[in-house]
Structures are given as structure tokens and as C-alpha cells.
Amino acid sequence: MIVYHGSIRKFHHFENETVVQKKLPNDIDTIGTWFTSDIHSSKPFAIGTETVIEKSDTEFWEDGEPKVVQYDKPVQGYVYKVYVGEPHIKDFESYNLFMEERDKYCDYLGKKRNITWLDKAILLNKEEANKALRQKLINHHYDGFVIRNMNLDSITTDLYCFFGEDILQIADVIPVDSID
């Protein structure tokens, strides 16, 4: 299986610390490492900013020393074409079905009983909920899951999430500015 991963960072293999630049909806970004089924829907994940801290050329202290300034610099990164060899994945036919499964582990702030993600309430236990869902799927011998027909930035794609980096092999690294 071939999937795609966008990142502003260049790397040679996946690690648990691989960062998602663009936030995924409803705080699902920390469940695992995320991929799309096509190159174009991974492109927005490879475009972002990085914080730069440097001495100013235009701002100075009273004693003439340059001030240190911090700013966000636009960055265009890379799309990784990744080979995943025959993973055992849980298939969610829709984002709603995936979120119903995840909601079993979520605690939301609100007065109403049985609050779900559809109520747009504040999630109080993002890390714990994501870890519990991941662990449940791992206990059932899944390497990850797929959410079918996910809409990301007006592009419909299958969104994959994998838990371990051992099954992920980078086949190609494509600079985002070379993708049409």
C-alpha cells in the first residue's frame, strides 16, 4: 500500500516524535502518524511556519546592541511517499463512525448528559482519549486505521493513521513546491 505524508521537516525515517504541522479536526492528531491516500491532500500538511529567533538588523537597545526578535517564517516542506506492507487496519466508513468510537474515551465539559463531539464541547482529556483508542486497537492487533472519504481542505481522501514506525518505509521525498 502507498500512502502520503506531508511535513515541513525533512527526515529519513518515521519516529514517534514526528510532528503534525497542520491541526487535524477534533484533537485527533496525537493518535498516531497520519497519512492520506493521495499526494494532493497531503500537500497542506507540508506548508506551514517555523519560529525564528535572531538578532534584529533594525531594532536596537539604548546601548546599541541589537534586540533579539522572534517571528514566524513561512516554510514549504516535503511530501513523503510511503510504502506500508500489508497492514492490519480497522476500516471506518466515515468520520462520524470513527468519532463515535473515539467518544467512548472522551470527557467533555458541559452540563448536558451524554455529550459527544457533535456538541462542540471542550474535550478535557485529549491525550488520554487518543491513547485509550490507540491502545484498544493495538490490543485487537491493528497496525492502524483508515477513515474513508475524509474531507480535508476541500479534497476528499482516505485518511490513514498508523501506530508504529516499523511498518513505514519512505519510498520518495518530494519537495512540496514541485507538486502541481
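This is a predicted model: local features need pLDDT of at least 70, side-chain atom pairs count only at pLDDT 80 or more; totals for chains, interfaces and linings use all residues.

Trainee: How many residues does helix α3 have, and how far does it reach?

Mentor: Helix α3 covers residues 126-139, which is 14 residues. From its first C-alpha to its last it reaches 20 Å. At 1.5 Å a residue, 20 Å is expected, and the span of α3 is close to that.

Trainee: Which residues of α3 are buried?

Mentor: Use the cut-off here: buried means under 20% relative accessible area, and exposed means over 50%. In α3, the buried residues are K126, A129, N130, L133 and L137. They span an arc of only 95 degrees around the axis, so they lie on the same side of α3.

Trainee: Which residues are exposed on the other side of α3?

Mentor: There you find E128, K131 and N139 exposed.

Trainee: What covers the buried residues of α3?

Mentor: The cover includes strands β6 (89-92), β8 (122-123) and β9 (144-152), along with helix α2 (95-103).

Trainee: What happens just after α3?

Mentor: Look at the backbone of H141. This residue takes a positive phi of about 65 degrees.

Trainee: Now the charged pairs. How many salt bridges are there in the whole structure?

Mentor: The general idea comes first. Side chains of opposite charge can pair when their charged atoms come close. A search of the whole structure finds 7 salt bridges.

Trainee: Which residue does D91 pair with?

Mentor: D91 forms a salt bridge with R148, and their closest N and O atoms are 2.9 Å apart. This pair links distant parts of the chain: D91 sits in strand β6 and R148 in strand β9, 57 residues apart. D91 is partly exposed, at 37% relative accessibility. R148 is also partly exposed, at 22%.

Trainee: Is E101 buried or exposed?

Mentor: E101 is buried, because its relative accessible area is 12%. E101 forms a salt bridge with K104, with the closest N and O atoms 3.1 Å apart. K104 is exposed, at 59% relative accessibility.

Trainee: Which residue of helix α3 does E101 link to?

Mentor: That is K136. The side chains of E101 and K136 meet in a salt bridge at 2.4 Å, N to O. E101 is in helix α2 and K136 in helix α3, 35 residues apart, so this pair too links distant parts of the chain. K136 is partly exposed, with a relative accessible area of 26%.

Conventions:
Residues are numbered from 1 along each chain as its sequence is written. Side-chain values use heavy atoms; hydrogens and water are left out. Helices (H or I, at least four residues) and strands (E, at least two) are DSSP runs, numbered from the N terminus. The expected span of a helix is 1.5 Å times one less than its number of residues. Buried means under 20% relative accessible area, exposed over 50%, partly exposed in between (1.4 Å probe, protein chains only). The arc is that of the directions from the helix axis to the C-beta atoms. Contact means heavy atoms within 4.5 Å. A salt bridge is a side-chain nitrogen of Lys or Arg within 4 Å of a carboxyl oxygen of Asp or Glu.
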